[in-house]
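Biologist: I would like to learn how to read this model. Please take me through it feature by feature.

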2 protein chains.
Amino acid sequence: MSAAGISQHSITPGDVLSWIAVDWGTSNLRAWAMGKAAEILATAESPLGMNAIAGDPKLSFEGVLISLIDEWLGAGNTPVPVVICGMAGAKQGWLEAPYCEVPAKPSDLASGAVKPNVSDPRITVSILPGLCQRNDADVMRGEETQLVGFIARHPDFSGWVCLPGTHSKWAHVSNGTITAFRTYMSGEVFGLLSQNSILRHSVGDDWDDAAFDDAVRAAKAQPTAFLHTLFTVRAGALVAKDGANVPPGAAVLSGTVIGAEIADVLSRLTPGEDIALIGAGKLASLYQAALAVHNHQATPQDGAVITLAGLGRAYDVVTGN
Amino acid sequence: MSAAGISQHSITPGDVLSWIAVDWGTSNLRAWAMGKAAEILATAESPLGMNAIAGDPKLSFEGVLISLIDEWLGAGNTPVPVVICGMAGAKQGWLEAPYCEVPAKPSDLASGAVKPNVSDPRITVSILPGLCQRNDADVMRGEETQLVGFIARHPDFSGWVCLPGTHSKWAHVSNGTITAFRTYMSGEVFGLLSQNSILRHSVGDDWDDAAFDDAVRAAKAQPTAFLHTLFTVRAGALVAKDGANVPPGAAVLSGTVIGAEIADVLSRLTPGEDIALIGAGKLASLYQAALAVHNHQATPQDGAVITLAGLGRAYDVVTGN
C-alpha cells in the first residue's frame, strides 16, 4: 500500500507476467497482472481516473500507469501487452478510441482498439473503444467490455443484461451480439432528488424492504407516472392519519426510481428472453429485489470478474491468440 | 410603490371597499381590494410569502397583511372580510386549515375555512383549506381555489385542468366537483437536471421549438422511458456525425420532461373529456405546444383572474351571500 489511495501488490517470485489488464474509469483505475493461463498474479488500484488526470497538467496517462505497474514490469526484455477499457479511450482520455456501433460482436470491439505511442519500451498499449447507438442515441465506455466478458461466459444467453450504476446500462444480447442498449440516469436522479429537491425533507437514514417493494409495485402499476409518483414520497407523509406508519422516504424514493427503470426495460422483454444482473453490494441487491417483484430471479454476478473476462477476450484478439 | 418589492395601489376616492381577496403563497403575497359588484378597486403585492415570515421572528402574518392593506382599510367602522387562500393555511402558516379531501365541491372548500383571531378590529379573516387525496397520496394549497374559480366560470366542464408550475397540478373536474388530482415534479426535476446533473453540459441558452416538439413526440412514443430518454440529451450530441445539427439541449430536456408528464395525464383521459390550461408566459406556452403535439388545443387562461373568481366564490359562501 502506498500514498493517496493507491494500492499495489507484488507478483510472487517465480510467476511469469503475460499481460496486464486495465479498467480506467472516470474516477478510478484498476490493473491486474495476468499469467499465461488467465490467472491473476497481482492487482493494483488508484484514484487517478480520467477526471483527475485531465484536471492536472502534471499528470499523464502513461506516467500514472507506469507508476502503478512499474514493479510488475521489472527490467522487461520483451514488451508486455497492456489492454485497457474505459475512459482512457474517451475524447478527453489518453487517445480517443472512436465508438463502435451496435449491433456489435466482441471481435468488432477488440478490432477497434487504438494503440497510443508510449515512451516506456517495456509495454505496448491497446485501448478498447466504447459502444454507441445512433437510433435512440446512447453511449457507453467500459461497460461494453463487461458485456464481452459476459458473452464469453454465457455464449447462449438471449435477453437483457443489467449493469447498475450512477447511470445504469441495460444491453440486449442475442447470438453473442450486443444488439441494442439503454442508459438510465436513475442513480444520478435519485441522488439529486434525495439531496437537492423538496423530497430531501422526507428522505432520511431509515430503510424498509417492504416499502421499497411496494414502491416498485406502484411503478409497475403506473409505469408512465414517474414525475407524479415521486411526489407521493412527500405527500404520503402529509396525508397520513395521526399515528399511521409512514414508510421511510429513502426506500420509497429508491423503489420509485429503480421501479420506473425496470418497468420500462421489462416492457421490452420478448417472451423466452432472460435477465442477467452484473454488480455487487447494496445497489445490485436492490435491482435483484426489484426484479423479484416482477417475478424475475437474477443473481448478481461479480463485475470485476466479468470485466477481466472481457479484457481477456480482447487480449486474445489484440495479440492474435 | 414602497420598499423591498412591495407594490401598493390606492382605492380611488368614492369607491367603496366590500372585501379583500388574498393569495398567500410560499414566496409571495397578493391582495385585491374588491368592490360590491366583484370589481377590482386596487391591488397590492409583497415578497413576504410564508417562508419569509416563518423564517423571521419579527414578522407576523397579521402584521404583514395589515401593512400591505392598511391604506385600504382607513378608519374602518365595519370589519372588512379578508378571504385568503394558499400557504397561510399550512401547518407552518398563520393558522392551519386542515386539508379538505377529494372528491370536493367548491362549497366543501369554503366551509372548511378557519378564522384566526386578529387584533385589528377593522378586519375579519377567513383562511381557506387546501385539498388532499389519500388514495394515490397528493396535496395542494392555493391551486384548489383556482379550480373553484375555474368551475365557477366553466360549470359544465368535464376533464382535466392543468396548472403548470415548479410542481404542476392536474385536477380532474366533473359535475362541478374536483374528483382527483395529480402533482408532477416536472419543473423542479427540469431545474435539477439542467443545473446540477451531467446534462448541464448539454443545456445552454439556445432554443428550438421543433426540437421541443420532437422531444414531446419521443416521450409520447416511449411514455415509460423517462429515465432513459433523459440521457439522449447528452448522448445525442456525442453520437452526432461531424457537421450534423445537434438540437439545443434545453429544448430537448424541456420537451422530454413536459412530454413525460403530459403523456401520463392523457393516458387517463376518458373519451369526450376536455383539457383546460391555466397560466401565463413561457411555461404555459410550452404546455400549450406539448398538448398540441397530442392534438389537444388548449388556450392558457389567466391564473390571477381565475384565482380571484375562486376567492370570490369562497367569499360568497363564507359571508353567506
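Biologist: Which residues of α9(B) are buried?

Modeller: Start with the definition. A residue is buried if 20 or more other C-beta atoms lie within 10 Å of its own, exposed if 12 or fewer, and partly exposed in between, with C-beta atoms placed from the backbone. In α9(B), the buried residues are B:Ala284, B:Leu286, B:Tyr287, B:Ala290, B:Leu291 and B:Val293. Bear in mind that this is a predicted model: local features need pLDDT of at least 70, side-chain atom pairs count only at pLDDT 80 or more, and totals for chains, interfaces and linings use all residues. Residues are numbered from 1 along each chain as its sequence is written, while chains are lettered from A and ligands numbered from 1 in the order in which they are written.

Biologist: How many residues does α9(B) have, and what does it pack against?

Modeller: Helices (H or I, at least four residues) and strands (E, at least two) are DSSP runs, numbered from the N terminus. Helix α9 of chain B covers residues 281-293, which is 13 residues. From first C-alpha to last it reaches 19 Å, close to the 18 Å expected at 1.5 Å a residue. That expected span is 1.5 Å times one less than the number of residues. The buried residues of α9(B) pack against β10 (159-163), α6 (209-221), α8 (249-266) and β13 (274-277) of chain B. After α9(B) comes B:Asn295, with a positive phi near 65°.

Biologist: What should I make of a positive phi?

Modeller: Most residues other than glycine have a negative phi, and most peptide bonds are trans. A:Ala38 is another exception, with phi near 65°. A:Ala38 sits in the loop between β3 (29-34) and β4 (40-46) of chain A. It is partly exposed, with 14 other C-beta atoms within 10 Å. B:Asn175 also has a positive phi, of about 55°. B:Asn175 belongs to the loop between β11 (168-174) and β12 of chain B. Is B:Asn175 buried or exposed? It is exposed, with 12 other C-beta atoms within 10 Å.

Biologist: And which peptide bonds are cis?

Modeller: One runs from A:Val102 to A:Pro103, with omega near -5°. Another runs from B:Val102 to B:Pro103, again with omega near -5°. A:Pro103 lies in the loop between β6 (100-101) and α3 (106-111) of chain A. B:Pro103 is in the loop between β6 (100-101) and α3 (106-111) of chain B.

Biologist: How do I read strand pairing?

Modeller: Two strands pair if DSSP finds at least two bridges between them. Take β11 of chain A, residues 168-174. Six of its seven residues are buried. Five bridges join β11(A) to β10(A), residues 159-163, and the two run antiparallel. A:Val161 faces A:Ala171 there. β10(A) and β11(A) make a hairpin with four residues between them.

Biologist: What pairs with β11(A) over seven bridges?

Modeller: β12(A), residues 177-184, in the antiparallel sense. In this pair A:Val173 stands opposite A:Ile178. The hairpin of β11(A) and β12(A) has two residues between the strands, and A:Asn175 takes a positive phi near 55°.

Biologist: Where is the nonpolar core?

Modeller: A nonpolar core is a set of buried Ala, Val, Leu, Ile, Met, Phe, Trp, Tyr and Cys residues joined through C-beta atoms within 7 Å. The largest has 208 residues, and those with the most contacts inside it are A:Ile20, B:Ile20 and B:Val161. Two residues are in contact if their C-beta atoms, placed from the backbone, lie within 7 Å. Leaving aside neighbours within four places in sequence, the contacts of A:Ile20 include A:Trp32, A:Met34, A:Ile69 and A:Trp72.

Biologist: How are the two chains related?

Modeller: Two copies of a chain are related by a rotation about an axis and a shift along it. Here a rotation of 180° with 0.0 Å of shift superposes chain B on chain A, RMSD 0.0 Å. The two copies are thus related as by a two-fold rotation axis. In chain B, the C-alpha nearest the axis belongs to B:Thr224, 2.3 Å from it.

Biologist: Which element of chain B gives the most to the side that touches chain A?

Modeller: 35 residues of chain B are in contact with 36 residues of chain A. α7(B) gives the most to that side of chain B, with 10 residues. 100% of the interface residues of chain B are also interface residues in chain A, so the copies meet through the same surface.

Technical notes:
Least-squares fit on C-alpha atoms with pLDDT ≥ 70 in both.
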